[in-house]
Amino acid sequence: MNSNKNISRNLYYLALLFSLVFNGSIFFSTFEHTYDSFVHIFFADHYAKAWFDNWEYRWYTGFIINSYPPLVHQATALLSSVLGLKLAFYAWAVFVQLIFVRGVYHFSKILVDDRSAGIAAILAVMSSSMIEAMHIFGQIPSITGLSFLLNATPEFYKWFRFKKWRYLVMGLSFLSVTTAAHHVTTIFGMVFFILPIIGLATIDNSYQYEGDELKLRFTTFLKKTFNVLPKAILFGIVVILVCIVVVFPYWYWSKTDPINQISIPHGSRDSFILDTNMGLVFFLIPWGILLPFMSYFFKRATERRYTFIGLSLVLLFILGTGGTTPIPKLLLGETAFNILTLDRFTFWGTMITLPFWGLLVNELLSGSYRKFLIEKLGQPVYSVFLFGLATILIGGNILIVNMNTYRPFQPEPIDAEPISRFLERDQHYQWRYLALGFGDQMAWLSANTDALTVDGNYHSARRLPEMTTRAVERLENAKYKGEEGIGALREFLVNSEAFHLKYVFNNDKFYEPILHFSGWKKVSLLENKVSVWEKPDISPLPSILPRKNIPKIQRLMWGIIPLACFFNMIFVFLMLKVFYRSKETEELTIPKLSADENNKINWWFHSFCSLVTFVLFSIFIYYKFYTEQKQITPKKAIVSYYDALDFRNFKEAHGLIDPSQKLDFDQFILEQNIEDGILASYAKLAAVNIQIDSISNEKVIANVTADWSTALGDYKTDHSHQLIKKAGKWYLKYVPKSLDIPPDQFIALPELALHNQGRRLADINKTRQEDILDRPNVEIIEANLVKKDSMYAVVGYIRNIDNVPAYVGINAKIYDTKNELLTQYYANDVLLHNIYPKELSPFRIDLPYFNDTLLKTFRIDLKSLVSIEQQYKHFGLQNLKEKENQIEGEFYNYGAKQISIPQVLIAERNEKGTLAWVEKQYLEAGIRPQRKKDLQLTLTKASNIEVIQKGSSENCVINGYEQKNKPLVKLNDKQYQLFCSAYVYKN
């Protein structure tokens with residue numbers, strides 16, 4: 001017995017050392033690429049700057065920091081004063097891994113023998129679910145909660161077994177730390193860990209009462225259950241009190257300000273059969289090498305001693321399958337199912353399995369399974385089996401740790417310093433900003449500046465209706481959420497004045513079109529290759545921002561109790577270890593299985609189940625590998641080709657082209673980039689629909705319809721491809737693009753250069769703000785409130801009557817019968833934001849979520865600034881012909897720059913001559929200098945649009961002054977007018 005204990009302790013120490021070396025070396029290079037690490041570092045930065053302030057201004061126009069248990073963040077903040085934020089977070093994560101190993105070891109000791117518990121501690125370090133949670137997801141708070149929960153459960157077991165109060169005190173001190181780190185782990189830990197452990201202790205007490213480890217009568221168990229029931233109820237009350245007191249401000253917040261938002265989709269709720277990628281990430285990887293041996297674990301779970309643990313394991317396994325079956329939703333209910341991320345159940349299930357995994361490996365190394373394999377298969381096969389098992393275990397973990405290298409989850413690392421310097425310069429922090437294309441690094445940017453953003457990276461704290469009414473977690477990654485994401489982003493970009501949003505830091509070219517046509521202008525490119533966009537004429541933040549006041553007692557509780565629980569746990573642990581080391585009299589013995597139960601362990605059955613699972617798993621991997629082959633079928637070749645172009649992987653796309661065409665790669669990449677356009681440079685492939693027409697077994701014609709998502713709308717394109725089969729692989733025939741060169745080889749055009757000198761001093765001290773020049777004179781010519789189908793809008797004309805270019809912004813305010821403001825919206829991309837002297841522009845302001853039942857009047861508010869933006873105006877429309885409801889013509893670029901995205905605005909009048917509608921249209925392809933593109937426009941049929949109310953000079957305000965002395969006039973009687981604009985890409 002002592003020998004086994006010594007071996008067990010040595011294995012435990014080895015596991016601690018292994019964890020320190022393994023996680024200490026790897027996490028240092030992986031945590032910056034994980035999903036959640038920077039979020040928790042941002043929270044830590046808050047506590048480092050304002051420990052007792054429960055309001056955080058930097059995200060979502062402000063939110064309560066009580067919305068997340070603070071222990072990990074506060075511990076990181078405390079360490080950051082010496083180590084800095086990143087190193088402090090890293091140090092805590094490595095420390096928690098040691099706590100985790102200790103928890104697994106002691107948790108295993110109450111379930112299996114000492115030697116198996118030591119092996120389980122080593123295997124815990126190599127647990128694929130823990131590696132994924134730490135090195136891919138960066139879920140350090142939930143890992144912290146689980147680690148201390150695993151340390152608490154054996155203490156509660158001992159209390160119910162031996163009735164010593166010190167075990168309860170120690171267990172509650174561990175559990176208080178769990179609650180301070182991750183309250184959800186405490187809540188579900190009571191169900192899936194602590195209650196089964198109480199049941200286990202009751203069963204073991206029944207064995208002890210019988211005086212025979214091989215007998216257990218139901219009447220005895222029932223008697224012991226009634227005996228322990230008052231104790232269990234008291235225990236439950238104490239645990240509830242601990243949970244309430246430790247994070248009371250959180251419960252108060254959740255009660256007084258409950259989460260009321262549309263559920264955000266999560267891959268763990270998907271069907272893992274329909275979406276195998278989600279099944280891989282949230283099911284196969286966490287279970288990993290445990291899956292082939294699930295029959296062994298479930299068989300163990302059916303034994304009488306493990307009845308409650310087994311029930312917990314089965315429930316966790318089922319809940320972890322997400323939306324694969326309807327059972328998890330039935331068990332959790334609709335609301336909980338749509339809120340929780342179900343991968344947590346798989347994570348906890350793998351933790352419960354670890355003791356049995358250690359038991360199985362012990363059997364393989366020195367027990368009955370080893371004897372079985374050697375007797376039936378021989379020593380060489382047994383050695384090969386062990387070697388293969390170890391190889392799969394180690395190799396699988398290496399692949400998991402390095403997943404980010406071959407499938408990046410985040411953008412390339414972004415240096416936050418140039419952005420923070422920009423925000424500090426000239427008091428740019430007086431406005432809010434928005435980061436696009438940053439991934440979770442947006443939280444690291446927030447931690448490096450005191451400037452405020454309208455976005456954030458913790459969706460439970462969101463309260464802005466523009467975000468909570470959509471299933472969009474962040475504005476930063478809006479493009480991945482389709483129209484819902486772009487719609488949310490558009491509201492902030494267009495109505496930026498309402499949020500004092502003046503700057504956008506863009507790390508993704510995809511968003512440039514929506515920024516440009518929403519009236520933003522690119523002002524600079526920082527050293528880190530992030531472009532800075534600015535919205536002119538945005539008012540700065542008020543000197544006093546609104547906030548929700550938290551009672552002082554709650555701020556003190558939040559700042560003191562959680563961290564005090566951690567230090568109390570250390571004190572209690574040390575005191576009990578020192579005081580009771582020489583007085584320990586209880587011997588923790590694990591009841592043996594009965595001989596009858598032991599005979600039921602059929603190794604042939606387990607071997608067969610493991611083999612079947614392994615074969616099925618291998619088939620799945622082969623299927624994934626086979627279907628990932630890019631040229632096995634014509635459809636796969638086409639999809640691979642379009643995917644390669646979508647991700648700008650031109651080498652891969654070139655490899656799918658028929659080699660007999662001898663298309664040089666440099667020529668191919670030149671043709672792909674020779675012409676810009678919204679689809680060529682600013683689109684994301686959403687879907688590819690393929691129709692195959694066979695010509696022969698080795699030649700097909702494919703008609704392809706591609707769905708593209710852009711920041712300006714969705715597009716469909718039709719293509720025809722010929723494919724041939726060579727050496728078992730399918731290749732596409734390449735159709736060369738037009739390479740013609742216009743006759744004019746050299747173009748020289750004069751340009752107007754504008755610069756606002758201002759009064760900025762060349763001084764390192766704070767300087768005065770740049771001068772605001774006199775606002776250009778602009779006028780509103782026409783404005784009407786109209787209704788198209790169920791959509792309301794204000795349409796009209798504006799004109800620059802000054803001698804300088806003007807940047808214009810226009811909004812419509814709707815008033816009810818009591819002259820109270822109902823709503824207001826700004827013009828988006830149906831407007832020429834930069835207007836030259838004497839130039840005219842139509843506009844349309846959409847009014848979503850509005851009906852005219854309370855309408856009295858509307859008001860137009862127009863503001864103008866001198867525009868110093870370098871504008872490109874060398875384009876126009878020509879050869880226009882009207883055919884029924886269609887207008888055909890050409891968009892001609894006669895200048896010296898390439899147009900990236902051409903835009904046409906169509907202003908239409910009804911049969912009464914009233915302006916009724918303004919429509920926009922973007923050409924799909926860019927236009928090179930001295931070239932033209934065909935265009936086809938569709939008129940809206942203005943006669944079907946209802947004019948609700950015509951505007952008057954009394955409800956038009958220009959630069960703060962009413963336009964009473966300039967009555968609105970009808971510009972002309974033309975049925976329609978066309979206006980063109982363009983976005984020209986600038987580095």
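Author: Contact means heavy atoms within 4.5 Å. This is a predicted model, in which local features need pLDDT of at least 70 and side-chain atom pairs count only at pLDDT 80 or more, while totals for chains, interfaces and linings use all residues. Residues are numbered from 1 along each chain as its sequence is written, and side-chain values use heavy atoms, with hydrogens and water left out.

Reader: Which residues does Glu534 touch, not counting those up to four places away in sequence?

Author: Glu534 lies in strand β6, residues 531–534; helices (H or I, at least four residues) and strands (E, at least two) are DSSP runs, numbered from the N terminus. With residues up to four places away in sequence left aside, Glu534 touches Lys502, Tyr503, Gly519, Trp520, Lys521 and Val523.

Reader: Is Glu534 buried or exposed?

Author: Buried means under 20% relative accessible area, exposed over 50%, and partly exposed in between (1.4 Å probe, protein chains only). Because its relative accessibility is 17%, Glu534 counts as buried.

Reader: What is the length of the polar contact that joins the side chains of Glu534 and Lys502?

Author: A polar contact is a pair of N or O atoms within 3.5 Å; within protein, one must be able to donate a hydrogen and the other to accept it, and residues adjacent in sequence count only if both atoms are side-chain atoms. The side chains of Glu534 and Lys502 are joined by such a contact, of 3.4 Å.

Reader: In what order do the 4 strands of the open antiparallel sheet lie?

Author: Two strands pair if DSSP finds at least two bridges between them. Strands β8 (residues 699–710) and β9 (residues 713–726) pair in the antiparallel sense over 12 bridges, with Val704 opposite His719 in β9. The antiparallel pairing gives an open sheet of 4 strands in the order β7-β8-β9-β10.

Reader: Which strands form the edges of this sheet?

Author: An edge strand here pairs on one side only. This applies to β7 (683–696) and β10 (729–732).

Reader: Which helix packs on the sheet?

Author: The helix touches β7, β8, β9 and β10, and its direction makes about 150 degrees with that of β7. Axes are lines fitted to C-alpha atoms, for helices over the stretch in contact, and angles run from 0 to 180 degrees between N-to-C directions. The helix, residues 634–646, is α30.

Reader: How far apart are the closest N and O atoms of the salt bridge between Lys726 and Asp658?

Author: A salt bridge is a side-chain nitrogen of Lys or Arg within 4 Å of a carboxyl oxygen of Asp or Glu. Lys726 is partly exposed at 30% relative accessible area, whereas Asp658 is buried at 1%. The closest N and O atoms of Lys726 and Asp658 are separated by 2.8 Å.

Reader: How many salt bridges does the structure hold?

Author: One of them joins Lys883 and Glu888 at 3.8 Å, N to O. The number of salt bridges in the structure is 34.

Reader: What is the phi of Gln930?

Author: Most residues other than glycine have a negative phi. Gln930 lies in the loop between β21 (915–922) and β22 (931–938), and at 17% relative accessibility Gln930 counts as buried. Although Gln930 is not a glycine, its phi is positive, at about 65 degrees.
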